[in-house]
Amino acid sequence: MKKQAVATIAGAVFLACLGSQALAQSRDLNVVSWGGAYQDGQKEVFFKPFNASGTKLTDEAWDGGLGVLRTKIKGGNNTWDVVQVEADELEVGCDEGLYEKLDVAKIGGAARYLPGTVHACGVGAIIYNLVLAYDGDKIKAAPNGWGDFFDTKKIPGKRSIRNGAKWNLEVALIADGVSSKDVYKVLRTPEGIERAFKKLDTIKSDLVFWKSGAQPPQMLAAGDVVMTTAYNGRITAANEKDKKNFKIVWKDTPYTMDSWVIMKGTPQKANAEKLVEFMGRPDNQAKLPKFVRYGVTAAAAAPLIDKTLMGDLPTNPDNLKLAFAEDVKFWIDNGDKLAERWTKWSGTK
Amino acid sequence: MLTRQRSALLLPLTGFLLVFFVVPLVWLLSLAVREAEVPRALPRTLTVLQSWQPGQALPASLFPGFAQDLTEARAASTLADAARRLNYEVNGVRSTLMRAAREVSSAPADTAFNQDFFATVDPALASPEFFAAVRRANGPFSAYYLLAAFDLTRNAKGEIEHATEANRIYIDVLLRTLGISASVTILCLLLGFPVALLLTQVTEKTADWLMILVLLPFWTSLLVRTAAWVVVLQKEGMVNGLLMRLGLIAEPLTLIYNRTGVLIAMTHVLLPFMILPLYSVLKGIPPHYMRAAASLGARPVTAFFRVYLPMAAPAIVAGSLMVFILAMGYYITPALVGGGADQMLSYFVATYTTDTGNWGLASALGLMMLATTILLYAVAHKVSGGRALSMG
């Protein structure tokens, strides 16, 4: 009797496993983005309406990393279809064959998007800046660019920066007097690298490092730092949600772009293209900045965006002309060595 | 001795461990010494390089094959992996190689792919240093990643030397990892021993309640507890607020994003792993031993050190070892509450695995950590006279 029960349970478990296996094979379209308030906004603007239009869709969040994507494709058990990736992940992953090549005609044609946002393997999703942010209630004399960020006499207190070489070397050089146009030219020389680290040395004892994009506004709010580098959308979100008075300095800040890619070999390729096309429509994109202040990539979206939001957007011409573009190639080539150098630098007093 | 029938009972578990633990582990660790990317992408180049020695002029026969390798590897999507591998040694060659492959593919049919052609694309691609690196990356095995894990590298002649000062990292990180783990273990022992002792002294009902207090954090997610420490320790957090209100400090203390924060949070997280093994042994020590010692004239302190402590020793060794080994593997807690100088070895293993995708170096560092742990375990086993093996 008892044996029979065990056998029944075992059989049921076995069938359940088979069932879930079968389910995985005929799964819904799966889209992966960066989570948090940003993905909540995407849900409202893109995912839910797309779901309602007839194609079943599920969404997941990830933290980035080429290693993760490589595991998905090379491990042969990929469950992701459309993924939002950073600029270097787009470039390197495309070379490694992790993504489907993009058929631009199927996602609305190249003319729909801003110049420079369409890539062989992906299309731009959002444009965002790494800005200088501070608490307007705590600092009376507003910092005016990276020079003040590195001036601990003028504005005493801790500052936080991302734990990594990317973007920090650029702003260190700008603080040291290099113009944002020449930053990567200088960084491509060994002396330029030395110069950047030397400038960072001057405020090393006042530095705190952040790892995830959610940390900088939290550190500002907690009073752990007086100034920080941060993604612009996170700062505006903190002002709106937590009624903070955080301010953004746009001058000489690097901007970069995330892109949508379609994972190699997905059984959902046609649906994935449909989704990317849907998310590229100007009228759909124009709704996103209300939820999070990132710039969008459809050329015709700008006039449709609520005018009151424009001041906070990276794609606002007033902000854009102050900013400079991240040099993805530089970081793909030099990222490995500079990561080691950064680790050594940040790990010693 | 196990009889044959009894050992058959272990078969399912052994099989499970073999398939899901041993095989993947060995496979992953083997990545630390395998060289697959460059041999797969550049076979013709490597064949010609066999007969070339660093220091000699590059043979002219090298370049047509190199060009053909680039075209085919690009088409097969194997070039990017090889370019990434070579970029570890020749900084900047990653995008250069990809660009060279594009230029070779789009060159007119009658182009001569010789040294000059590649020198025009980029001087690095016609340099002996680059081809020496290609030659060193020939498979099936090399010590490149293991050397890198010990801050060593090979120069153009193939001799082993120290990495440049700015790139010497991992020995320091290993020592730091051992240092933090040892500090956490000592803190856990100092805080945990009195609690375990108290648990054996109170009534069973009180002990149950205390036990729940010990276990409650144990059941809470690690991430939640770490995030809670951020709130408690931050500049305008609870600890600083309380101390300021009591007038004990005038300026808020820096308790987070430094070593202090790491030690506090890790000690809290790992405390149950010390208390539980301690308690399980201490409760088995009969109380009348201490009374007997007292009746024979020993003062409480003497009785504790001469009678109680020797009997508690196996538990102390077991608990300390457990905490130490678990602490060795921590990365999320130091990443969230530590500073740049508090990141531990597994932080780098994780970064290289998921972030940059340098699985070779991740495996080499993992191997380093595994070997250190096994070594320490063996030492602890030896000095404790074999008692370290019994976990309470």
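Modeller: Take the contacts in chain A between residues at least 6 apart in sequence: 71% of them join residues at least 24 apart. Bear in mind that this is a predicted model.

Biologist: What makes two residues count as "in contact" here?

Modeller: Their C-beta atoms, placed from the backbone, lie within 7 Å.

Biologist: Which elements make up the secondary structure of chain A?

Modeller: Chain A has 14 helices and ten strands.

Biologist: Why is chain A called as compact as a globular protein of its length?

Modeller: The globule rule gives 20 Å for 349 residues. The radius of gyration of chain A is 23 Å, which is close to that, so the label holds. Along its principal axes, the C-alpha trace spans about 80 × 55 × 40 Å. Of the 349 residues, 48% count as buried.

Biologist: Why are helix 4 and helix 14 of chain A called roughly perpendicular?

Modeller: Helix 4 covers residues 87-95 and helix 14 covers residues 328-347. Their axes come within 9 Å and cross at roughly 70°. The label needs 65 to 115 degrees, so helix 4 of chain A is roughly perpendicular to helix 14 of chain A. The crossing is right-handed.

Biologist: Which residues meet there?

Modeller: From helix 4 come A:Ala87, A:Asp88, A:Glu91 and A:Val92. They meet A:Val328, A:Trp331 and A:Ile332 in helix 14. Five of the contact residues are nonpolar, none are polar and two are charged.

Biologist: Now chain B. How do you know whether B:Met328 is buried or exposed?

Modeller: Count the C-beta atoms around it. B:Met328 has 22 others within 10 Å. Buried takes 20 or more, so B:Met328 is buried. The residue lies in helix 17 of chain B, residues 300-328.

Biologist: What does B:Met328 contact, leaving aside its neighbours within four places in sequence?

Modeller: B:Thr177, B:Ser181, B:Met369 and B:Thr373.

Biologist: Which residues of helix 17 and helix 20 meet?

Modeller: B:Val317, B:Leu321, B:Ile325 and B:Met328 in helix 17 meet B:Met369, B:Thr373, B:Tyr377 and B:Ala380 in helix 20. That contact divides into seven nonpolar residues, one polar and no charged.

Technical notes. Residues numbered from 1 in each chain as written. Chains lettered and ligands numbered in written order. Predicted model: local features only at pLDDT ≥ 70, side-chain atom pairs only at ≥ 80, totals over all residues. Axes fitted to C-alpha atoms, helices over the stretch in contact; angles between N-to-C directions. Helix = DSSP H or I, 4+ residues; strand = E, 2+ residues; numbered from the N terminus. Parallel < 35°, antiparallel > 145°, perpendicular 65-115°, else oblique. Left-handed = near helix turned anticlockwise from the far one by under 90°. Nonpolar A, V, L, I, M, F, W, Y, C, P; charged D, E, K, R; others polar. Rg over C-alpha atoms; globule rule 2.2 N^0.38 Å. Buried ≥ 20, exposed ≤ 12 C-beta atoms within 10 Å, placed from the backbone.
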